[in-house]
Amino acid sequence: MTNRISTLISALGVLASTLLLTFAVREYRSGASALWIGAGALIFISASFTLVRDVRRLRSGSAA
């Protein structure tokens, strides 16, 4: 059950990071610093890797 909750939280994290990345692109187009896109992309990649790790753990059935 814990693995399923962790996977759900990771999926919500990917959703939130996608929204952040979208916001960063809009701000960059409005003239903001390119660091917004870099930070948004870094957070999105981190959240995606976490989701992949949790899905793999859920499929394998291990608790570690």
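**Close-up views of a predicted model**

**View 1. Arginine 53 is partly exposed, with a relative accessibility of 45%.** Partly exposed lies between buried (under 20% relative accessible area) and exposed (over 50%), with a 1.4 Å probe and protein chains only. The model is predicted, and local features need pLDDT of at least 70, side-chain atom pairs pLDDT 80 or more, while totals for chains, interfaces and linings use all residues. Residues are numbered from 1 along each chain as its sequence is written, and side-chain values use heavy atoms, leaving out hydrogens and water.

**View 2. Aspartate 54 forms a salt bridge with arginine 53.** The N to O distance between these side chains is 3.4 Å; a salt bridge places a side-chain nitrogen of Lys or Arg within 4 Å of a carboxyl oxygen of Asp or Glu. Aspartate 54 is buried, at 3% relative accessible area.

**View 3. Arginine 57 also forms a salt bridge with aspartate 54.** Here the N to O distance is 3.9 Å. Arginine 57 is partly exposed, at 22% relative accessibility. Shared partners join Arg53, Asp54 and Arg57 into one salt-bridge network. The whole structure holds two salt bridges.

**View 4. Leu8, Leu12, Leu15 and Leu19 make up a nonpolar surface patch.** Patch residues have over 30% relative accessible area and no salt bridge, and nonpolar side chains (Val, Leu, Ile, Met, Phe, Trp, Tyr) are joined within 5 Å, like charges within 9 Å. Leucine 15 belongs to helix α1 (residues 2-29).

Methods. Accessible areas come from the Shrake-Rupley method with a 1.4 Å probe; for residues, only the protein chains shown count as cover. Helices (H or I, at least four residues) and strands (E, at least two) are DSSP runs, numbered from the N terminus.
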